[in-house]
Every structure is written in C-alpha cells, then in structure tokens.
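Subject: Structure handover

Hello,

The structure is below, followed by notes on what was found in it. Please go through them next to the coordinates.

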Amino acid sequence: MEPKWTDSVCRRVLLTGFTLCVVLATKPTSAIDIYADPEVMVQNGTTGILRCSFKSSEVVSSSISVTWNFQSSQPDNKFSKAPYVILYFSQGTAFPGSNEFKDRVQFIGDVNKRDVSIQLSPAQFSDNGTFFCDVKNPPDVTGTPARTELRVVLKESLPQLNTSLIIGIVCGVLILLILIGIAACIAMRVFQNRHDYEGCTSLESMSSQAPQPRKKVESGLEGSKSTIPLGPLQGPVIYAQLDHSGSKNSFHKMEPVVYADIRKN
C-alpha cells in the first residue's frame, strides 16, 4: 500500500520551494567601485589624459565594458542638455561615439590592470565640461560612475611654479652641502692632530726612561765598606829595552822586564 502525503507535509514542501525561489531571485548583485580625478586642467591645443580606474571583487573577463560620457558646461553647446556617449569599450575594442570626439578620443587603459583611462587630443575649449566614467564587470554591474571636471585654458592661465621659491630651495640645499663638507674637514683634521699627538707622547715616554744604574757590590774588608765595580779594570803593560852586556857590539834584546798592573781604586 503506497503511503499518502498529508496536507501538512505538502504545505511544508511548497513553502520551502517558494522560499528558495525568493532567495535566488532577490540575491544582491556585487558592487563595483570606480575612481577618477575630480578635476583636470589642460592647455588648449595639447593632449589631455582623463584617468579612471575601478575595483571589482570579480575577475576581469572579456564581458567587461567601459562607457565614457560627456556633458558640456557651455549652455550653447549641444552636449549641455544631457550626457552623450563619446567612447564605448567592449570585447577588447574601443568604439568612438559622437563625431566631435571620434578622431580625438583614444582608449589608453588596460582593463587587466583596472585602468580604463582615455586620451583627448587636441583639447579644445568646447571640451569644457564633465566626463563620466562607467564600468561593468559582470556580475559586478552596480556602481556609481566617476566624474571628472575638465578645464581647457590658455597657457597663461596654467598655474606657474614660484621661481623665487625654487631658487631659495636650491640655494638652501647648496649651503647645507657646503656646511656638511666644512664640518667633515674639521673633524678629519682634529682626528689627525689627536693621532699625531698620541704618537709623539709615546716616543717621548720611551726616550725619557733613564738608564738603569750599574749595580754595586758591597764587600766588607776589616770592618770597612768599599764599593768596587763588578768587572776588573786592567792597566797598561809597560815594556823596557835593556842592554845586558854593556858592550857596544852586543845586540839589543827586547824583553819584557816590567809588568805593571794598574787598577783603579
């Protein structure tokens, strides 16, 4: 006999299935963060770079897409009413939008490095306005586009570096280097003089040592003390020439006849 499903069991199964469907249908999508420079100033007629990057929790795939929009800040410009697409990037290929930017805008980013920057050349006064950068990296498709305010100005309007400040910094660095060199020379000279002084002191101490006095031996002779040198001193030996025969024809014979031993008292 086959078991029969009760009403309570059927209700529980239906409720569980409905809950799963609701959870899967309402699963929140991942968000993507997009970053860009708030303001960029470019000289008229030169090349301007609008940088944009993103941060995604998903791996960058071939389905990523980048959209750059522009809205002019000049009331008489046709792009002032709403943002217009000036470049669209998808599947590794960039597609220029409006004809006003077709030959002047170029994609220079690298999506694998999270870089989706563009280059605008040459920049014109009509480009003054706001540029919007939007990135979609499925399933990261929810994010706020980044905004960059572009200001195209004359060369005279660009911020100039303070020449006097630069000169002051350079002079300060040079003076500091000179002082360091002088201090190093003085330290080396003091060290060398101290070394020479220590060498002279050592030589003088060695040469100033007095010779050791000769040892004396005290000997007692009949109750009196006399001091004599350690080694004997032998006096000179005197030789005399004597004639034994007393005759004229006698030969002279030289022989020692007197020996004197002179000792120094």
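Arginine 151 has a relative accessibility of 38% and therefore counts as partly exposed (buried is under 20% relative accessible area, exposed over 50%, partly exposed in between, with a 1.4 Å probe and protein chains only). This is a predicted model, in which local features need pLDDT of at least 70 and side-chain atom pairs count only at pLDDT 80 or more, while totals for chains, interfaces and linings use all residues. Residues are numbered from 1 along each chain as its sequence is written, and side-chain values use heavy atoms, with hydrogens and water left out.

Salt bridges

Arginine 151 forms a salt bridge with glutamate 39, with 3.2 Å between the closest N and O atoms (a salt bridge is a side-chain nitrogen of Lys or Arg within 4 Å of a carboxyl oxygen of Asp or Glu). This pair links strand S11 (residues 146-153), which holds arginine 151, to strand S2, which holds glutamate 39, 112 residues apart (helices, H or I with at least four residues, and strands, E with at least two, are DSSP runs numbered from the N terminus). Glutamate 39 is partly exposed at 46%.

The count of salt bridges comes to four. Another one of them joins lysine 78 and glutamate 100 at 2.7 Å, N to O. Lysine 78 sits in the loop between S5 and strand S6 (84-90), and glutamate 100 in helix H2 (residues 99-102), 22 residues apart. Lysine 136 also forms a salt bridge, with aspartate 134, at 3.8 Å between the closest N and O atoms. Lysine 136 is partly exposed at 27%, whereas aspartate 134 is buried at 18%.

Sheet

Six strands form an open sheet of mixed pairing, in the order S2-S11-S10-S5-S6-S7 (two strands pair if DSSP finds at least two bridges between them). Strands S2 (39-43) and S7 (93-96) are at the edges with a single partner strand each, so one side of each has no neighbour in the sheet. Strand S5 (residues 65-72) pairs with S10 in the antiparallel sense over eight bridges, and phenylalanine 70 stands opposite phenylalanine 131 in S10.

Disulfide

There is one disulfide (a pair of cysteine sulfur atoms within 2.5 Å). The disulfide joins cysteine 52 to cysteine 133, S to S 2.2 Å. Cysteine 52 lies in strand S4 (residues 52-55) and cysteine 133 in strand S10 (residues 129-136), so the pair ties together parts 81 residues apart in sequence. The S-S torsion is about -90°, so this disulfide is left-handed. Cysteine 52 and cysteine 133 are both buried.

Regards
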